[in-house]
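Here's a quick tour for anyone opening this one for the first time. Have a look around, then read on.

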Amino acid sequence: MKVSVQNISLTKFRCDLLIVNIFEKVKKLGGATGVIDDALENHITKLISSGEIEGKLGEKTLIHIFGNLPACRVVVVGLGKREEFDLDKARVAAAAGIRVGKQVKAKKVATIIHGAGIGGFDIAEAAQATVEGAILGAYEFDGHKSEKSEIRNPKSEIKELIIVEKDKRKIKNVKVGARIGEIVANAENNARDLVNSPSNKVTPTYFAKYAQKMAKAVGLKCTVLDPEKKGMMAIQAIAKGSKEPAKLVVLQTRASTRGPRIALIGKGVTFDAGGISLKPSKKLWQMKIDMAGAAAVVETMRAISQLKLKKNVIAVIPLTENMPGGGASKPGDVVSSLSGITTEIISTDAEGRMILADAITYAKRLGAKVIVDCATLTGGCITALGETASGIMGNSDKLIEDFEEAAEKTGEKIWHLPLFKEYKKYLRSTVADQKNCTEGMGASPSVGGTFLHKFVGDTPWVHLDIAGTANISIAKGYLKKGATGVPVRTLVEFLKA
Ligand code: BES
Ligand code: ZN
Ligand code: ZN
């Protein structure tokens, strides 16, 4: 879907579908929707009076046009209650509109900017949110079906999304916002594709090649390392139960970038069977999503390059399967790591923290002054926060606040969980520096964070546990069931700020 901005009046624009909006309880239409209503001889007003249009968030009313406008159809999308409106609601409305476009097999869809008029938001931010909602809302995982369904048929795909703005003075800002929205939403959709893809396709080797290709396309430096040769024994402890070799991908923004080096680390377990501590079979197929942190990090790097962000960012992505092969690590084993810190493996299913440990050490050796890791780390985080929010932990209140601010803007909810020092004693081991998990005590996201903290030390750091948010079982707003691409947009927002 090509995105563009045009300085033209709505009543003159030829397209298959025109998206306008309305708040709840509005009786008298103004702004762009009012202009269209006038052209349609108050048809929209009549639909409001008759109760068909209520303006509820995500509501959509399709109107076919016969001659009064160059547009073939108009869809009126609801923005919900005006006092509850925010940019995330603009995304929901944009998604609702674009989905109607798909239904009616529109090729060329035009939209007004949601939230800039009486919504009162900054025009660039509103344009960004509108484009994001449209691109994220239009997402469909094509997968590997040999027969494409009607809706997936490329012939019925929307080719163009045009943001229509009649005020010439606003065009420059609208273009800036729309371009940012296009870049971050496409990056997030790419991450969704990676996460939705099966693990026999997305192996560590496939992922490493994907990162190399991406880096070449956008001008990032990319190195793929063999963790075994680099002495990354914690990664190897997980990888040795699988036939697939582990990889460590390092991506770097180019030398012209300034400022303290920020490291993004993403858990890349392309399939988590649990290892010898084998997971129950019922939901095992879902464990192809255990590389969602890695997918988010690689796509964040793409987005910041495309945005030409002049920041000194590196990505360190450990990739492996966690399988119960004959060579696999066993519960009770003691393994070393790149840092020299030793770990007693209690459960081989607590593998994410092991591979993150070596990635953290490597990032520190590369001079990272700030570390951000994201990982589908614990089922406990899903128990605590559900699919609604990611857990955030760390050793820097300032960094956590920065992330809370970024997430507020993107609508990707995060919730601060503690790293009380009391948790440390649950990882005490008699044979190693620490255990990889407790023998049954709760607080699992926090204990996972506590394990990582030992490798991070004093370097300012935040850990995002995205186990619940990376993949959702029920659609919400602009996101379909399945991979969400979380937290690409929040990482980009954090880096921008
Ligand atoms: N990949 C899982 C966590 C997970 C569970 C992600 C469900 C997404 C959905 C992780 O490697 C894991 O198995 N964690 C264990 C840790 C435990 C052994 C301390 C868990 O949460 O049970
Ligand atoms: Zn696991
Ligand atoms: Zn895992």
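## A zinc site

In sequence, the residues that donate to the zinc ion (ligand 2) follow the spacing D-x76-D-x1-E. D272 lies in strand β10 (residues 268–272), while E351 sits in the loop between β13 (343–344) and α9 (352–365), so this pair ties together parts that are 79 residues apart in sequence. Keep in mind that this is a predicted model.

Which atoms hold the zinc ion (ligand 2)? They are D272 (OD), D349 (O), D349 (OD) and E351 (OE), at 2.0 to 2.2 Å. The site has six donor atoms with angles of 70 to 167 degrees among them, and its geometry is irregular. Both D272 and E351 are buried. There's a neighbour, too: the zinc ion (ligand 3) is 3.2 Å from the zinc ion (ligand 2), and D272 coordinates both.

## Helix α11, end to end

Now over to helix α11 (residues 397–410). Just after α11 comes G411, with a positive phi of about 80 degrees.

Buried in α11 are L399, I400, F403, A406, A407 and T410. Looking down the axis of α11, the buried residues fall within an arc of 120 degrees, so they line one face of the helix. The elements covering them include α3 (87–103), β14 (370–375), β15 (390–394), β16 (414–416), β18 (461–465) and α13 (488–496).

What about the face turned away from the buried side of α11? That one carries the exposed residues D397, K398, E405 and E408.

Technical notes: Residues numbered from 1 in each chain as written. Chains lettered and ligands numbered in written order. Predicted model: local features only at pLDDT ≥ 70, side-chain atom pairs only at ≥ 80, totals over all residues. Heavy atoms only, no water. Donors = N, O, S within 2.8 Å, 3.2 Å for Na, K, Ca; no water. Tetrahedral: all angles 85-135°; square planar, octahedral: opposite > 155°, others 65-115°. Helix = DSSP H or I, 4+ residues; strand = E, 2+ residues; numbered from the N terminus. Buried < 20%, exposed > 50% of the residue type's maximum accessible area, 1.4 Å probe, protein only. Arc of directions from axis to C-beta. Contact = heavy atoms within 4.5 Å.
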